[in-house]
Number of protein chains: 4
Amino acid sequence: MPRPKPKGRVSEINFRVRYAETDAMGIVHHSHYVPWFEVGRIHFLDDAGLPYRTIEEMGYLFLITDLGIRYLRPARFHDLVTVRTWIDKVGSRGMRLEYEIVDEERLTLVTGHTSFICADKQGCPTRFPAEVFAALDAFGQRDDGADK
Amino acid sequence: MPRPKPKGRVSEINFRVRYAETDAMGIVHHSHYVPWFEVGRIHFLDDAGLPYRTIEEMGYLFLITDLGIRYLRPARFHDLVTVRTWIDKVGSRGMRLEYEIVDEERLTLVTGHTSFICADKQGCPTRFPAEVFAALDAFGQRDDGADK
Amino acid sequence: MPRPKPKGRVSEINFRVRYAETDAMGIVHHSHYVPWFEVGRIHFLDDAGLPYRTIEEMGYLFLITDLGIRYLRPARFHDLVTVRTWIDKVGSRGMRLEYEIVDEERLTLVTGHTSFICADKQGCPTRFPAEVFAALDAFGQRDDGADK
Amino acid sequence: MPRPKPKGRVSEINFRVRYAETDAMGIVHHSHYVPWFEVGRIHFLDDAGLPYRTIEEMGYLFLITDLGIRYLRPARFHDLVTVRTWIDKVGSRGMRLEYEIVDEERLTLVTGHTSFICADKQGCPTRFPAEVFAALDAFGQRDDGADK
């Protein structure tokens, strides 16, 4: 499988694997990549000037509609892993993010994506507020030479 | 260590250990007994006629203030474990529950306790509503020959 | 989205949502459906006469290669949810399972799939042992009028 | 409650609260402080020159026997929390660590402790290897002016 080719700006964050994230196979349990994508996504929103806490304070939620993961190599306890996050596409009411998690040698461990729709506090789908859409759109277009 | 001696009614619930709850030592990660105590506690409240969902709907929260666990034997994947929960003491503003988790041979895996205070939706400590206190107190006193 | 149409035997297991599985949106965090699929899968293997513990004792692992989830409705604390699991396809070296999680009214909360390859204890891909393949294949074909 | 007074060297590590670690009360679920203590402990062992991965490679495990937590203030999504870890006592076959988790204003969120015994790969209690005991003992005694 070819490595994913991010189109715009890539946001990166790294951390060490916790012992609690391993399972009886001696590797990271496959479910833990989902919160790791979320860590990447939250960092991506910070980078885009849209802290998720601010979005919630504005009265909005991002509801997940779809998630996919491909598992290539296992992560192990204490490995330093990096979550790379970028926008695949953004529309007026939702967006699709892509992820790649790599190890210290930049080998791909997993790839994946999540789709979201914007919702109000009652969970009703709605348009992104104009400034949120503008910031996401600008960030997705940006190609500032960040490591890809 | 002697087995704990519950004073009143004991509430029991059982379930199988999930693979996701194991760690690289091949046993259940020590953190997972905390949500298991919670499963026992929720079932205990159901048994006492006080579903936690109802308590939240009435505008109250139980805030944990203290937790302790003693680890005696490890649980493993697919083991059928039973959480036993009972009241140690209940006051006008809080309570202390005790737990024992046993395997299929009724061998003790862990013992523990949690203390709670009653709070309103803003998180301010408050008295238990009268009917909640009465139900907890009655349940704690009850000695109806349930398995101990 | 049309409901998935299982082709063979469907295995079902139910349990209540734990408080620890909720998040600050007041609903189940989207990552927890992954261990729930696993609970369904382990139960499915029990139903097929292939307890996963036995498979590990025979010296084999099932390594996940791919996972997908579609989120339709949120689950909430204390809901009784049912995980429905069936085989989409099985080959000599791997299989693809499908899942549907429903609430007490049999409304679909999420759908999903996972793909696995068979591996030895060193994690090297290998063929399913003959008796495992036979049991999976037979179970996948079976159409015994179980609820679909 | 007075703040704990560490006796020797204090090891510190910080990270942001994950959304997946919150619950329906809008705060961090009380179970997540247990893996956070572990993150602190692993970092403490790194600081002491005893990476846990090395200990496992030497054929030893640290088995937890006892855990206690006092909850003072809740952590919330995206808070930057710091886990402070130090030795309370170390013997020939086990040790007791203490923890304090603080927020960005250095306010105490929780305090706690864990006790461990040294075991071999079969889980049989054994003495610490001499170099492990020496390193733990030296680290526990050290009072090098680190922030307390």
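# Helix, strands and interfaces

Colleague: How far apart are the end C-alpha atoms of helix α3 (residues 130-141) of chain B?
Modeller: Helices are DSSP runs of H or I of at least four residues, strands are E runs of at least two, and both are numbered from the N terminus. The expected span is 1.5 Å times one less than the number of residues. For the twelve residues of α3(B) that should give 16 Å, and the end C-alpha atoms agree with it: they are separated by 16 Å.

Colleague: What pLDDT do local features need here?
Modeller: Residues are numbered from 1 along each chain as its sequence is written, while chains are lettered from A and ligands numbered from 1 in the order in which they are written. This is a predicted model: totals for chains, interfaces and linings use all residues, side-chain atom pairs count only at pLDDT 80 or more, and local features need pLDDT of at least 70.

Colleague: Within what arc do the buried residues of α3(B) fall?
Modeller: B:Val132, B:Leu136, B:Phe139 and B:Gly140 are buried (20 or more other C-beta atoms, placed from the backbone, within 10 Å of its own; exposed is 12 or fewer, partly exposed in between). Directions are taken from the helix axis to the C-beta atoms. Seen down that axis, these residues line one face of α3(B), because they fall within an arc of 100°.

Colleague: Which elements of chain B do those buried residues pack against?
Modeller: On the other side of α3(B), B:Ala130, B:Glu131, B:Ala134 and B:Gln141 are exposed. The buried residues of α3(B) pack against α2 (52-57), β3 (80-90) and β4 (94-102) of chain B.

Colleague: Which residue of β5(B) is the bridge partner of B:Leu61?
Modeller: Two strands pair if DSSP finds at least two bridges between them. Strand β2 (residues 60-71) of chain B and strand β5 (residues 108-120) of chain B run antiparallel, joined by eleven bridges. There, B:Leu61 is bridged to B:Ala119.

Colleague: Which residue of β2(D) is the bridge partner of B:Ile69?
Modeller: β2(B) also pairs with strand β2 (residues 60-71) of chain D, antiparallel, over five bridges. B:Asp66 stands opposite D:Arg70 there. The bridge partner of B:Ile69 is D:Leu67.

Colleague: Which element gives the most to the side of chain D that touches chain B?
Modeller: Contact means C-beta atoms, placed from the backbone, within 7 Å. It takes 14 residues from chain D and 14 residues from chain B. The elements of chain D that give two or more residues to its side are α1 (33-47) and β2. With nine residues, the most comes from β2(D).

Colleague: Which element gives the most to the side of chain C that touches chain B?
Modeller: Eleven residues of chain C are in contact with eleven residues of chain B. With four residues, the most on the chain C side comes from helix α1 (residues 33-47) of chain C.

Colleague: Which residues does B:His78 touch, beyond those up to four places away in sequence?
Modeller: B:His78 is found in the loop between β2 and β3 of chain B. It is partly exposed, with 15 other C-beta atoms within 10 Å. B:His78 touches B:Arg16, B:Val17 and C:Arg53.

Key: Two residues are in contact if their C-beta atoms, placed from the backbone, lie within 7 Å.
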